[in-house]
Amino acid sequence: MAFESLSERLGKAFKNITGKGKLSEKNMNDMLREVRMSLLEADVNYGVVKDFIARVKEQALGTEVMTSLNPGQMVVKIVHDEIVALLGSEDAPVNYKSSGITTVMMVGLQGTGKTTASAKIANVMKKKQSRKPLLVACDVIRPAAIEQLKTLGESIGVEVFSLGVETKALETAKQSMDYAKENGYDTVLFDTAGRLHIDEELMQELSDIKAFVHPDDILLTVDAMTGQDIVNVAGSFHEQLEVTGLVLTKLDGDSRGGGILSVRSITQVPVKFVGLGEKIDDLDVFHPDRMADRILGMGDIMSLVEQAQDKMDIEASTKSANRMMSGQFTLTDMLVQFQQLEKMGSLGGMMKLIPGMNQLAGQIDEAKAGNKMKKSTAIIQSMTMEERENPNILRASRKNRIAKGSGTTVADVNRLLNEYEKMKQVMKQMGAMTKSGKMPNMGGMGAMGAMKNMRSMNKMMRQGGKRGKR
């Protein structure tokens, strides 16, 4: 993912200074040299890096920092705050009208994921912002783009307005506004045409649409994988269309991420949305402070909690948690946990959002962990309800049937049962602690409460593992 190498380099640079009881100009310069090289290697614009280092040095060598009890941590905070400033000091929400129809133009070069981003943003507006969006297919150059938008719109329950490739984009835009008024839509997103490069014909078409719809937002989709070219593309579009926001796609790819740190500083166009995967839900509102936390390896608990609330079945999780806290734990409960984890997505991705777990995330074999969880789910689903509630009745004949039904082996079934017994023992210990008042009950606490108890739960699981080995 973008910023991984930058996070590692910055972590090493800070490691040499956070342990110092006292700062000097020499060890400060050594640290800043590492930070400078880290940013340049991440493909951040040279001028941006130069100004960034100058601002950090000026603040870090101030009397307040040099004489503080923990100067190293204060330097890290200064760097964090300056990264936030680079990304944009505040969130940049969509410019919704207080009344009437809000119009949003989606623009960008071909291949940046503009059509998919249009649908993803409509999905965010509908699910999280209580809007009634209409998608308009104005990319009449590529028939495939219209079909793609219709397919995506159907998958999220958002209507797509199209007059086909025979009608000009401007006429489609005009008629879509009448349609939106007649049918009570409060937001209209125009998926416009893209090109492999910026040309006069493209810009004229976009300018004509802009002149008619007077968009409240013009969002430029840029590919995080393109590095420094993000700045050039954003600058060109902004000069001719006055872009109001950026949509970053493919941030989950293997990019250095420097262009993202440069573009806000150079163009003054804020990032409004960021895409972190291919699924329709893998796009969200951009938060500069949270991205700075991730870059510095500080995790992002708020995003993790929001993901949990959006994707998990909170009612099922609470019910299962209450059972476990009371000392009950069956294979049905284990199945619920597997299903909830699968909804949350990548295990490594979740670990990157937990403070202190960022480095461990890269050590996880995602494919192996995913296959193991799928296999375990299939095994439990091949059991009867009686067998899930009382696995002690599982003898050789039943295990053979379960193995055949799940496409696994008897050894796999036995392995799952051994893991279940270990987890059951830990849950009993947790239940006992809850009843004795040593651990707060998780029931009804929601995702944030569960996060607060994560450390104590991990400690108990380690203790349970040690007891099991004796």
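**Buried charges and salt bridges**

Trainee: Asp-217, buried or exposed?

Mentor: Asp-217 is at 0% relative accessibility, so it counts as buried (under 20% relative accessible area; exposed is over 50%, partly exposed in between, with a 1.4 Å probe and protein chains only). The model is predicted: local features need pLDDT of at least 70, side-chain atom pairs 80 or more, and totals for chains, interfaces and linings use all residues. Numbering runs from 1 along each chain as its sequence is written, and side-chain values use heavy atoms, without hydrogens or water.

Trainee: Which residue does Asp-217 form a salt bridge with?

Mentor: Lys-272, with the closest N and O atoms 2.9 Å apart (the cut-off is a Lys or Arg side-chain nitrogen within 4 Å of an Asp or Glu carboxyl oxygen). Lys-272 is in strand S7 (residues 271-275) and Asp-217 in strand S5 (residues 217-223), 55 residues apart (strands are DSSP E runs of at least two residues, helices H or I runs of at least four, numbered from the N terminus). Lys-272 is buried too, at 3%.

Trainee: How many salt bridges in the whole structure?

Mentor: The search finds 16. One of them joins Lys-114 and Asp-191, at 3.1 Å from N to O. Lys-114 is in helix H6 and Asp-191 in strand S4 (residues 187-192), so that pair ties together parts 77 residues apart in sequence.

Trainee: How accessible is Lys-114?

Mentor: Lys-114 has 5% relative accessibility, so it is buried. Asp-191 is buried as well, at 1%.

Trainee: New topic. Which residues are linked in a network?

Mentor: Salt bridges link Arg-195, Asp-199 and Glu-201. Between Asp-199 and Arg-195 the closest N and O atoms are 3.5 Å apart. Asp-199 is partly exposed at 22%, whereas Arg-195 is buried at 11%.
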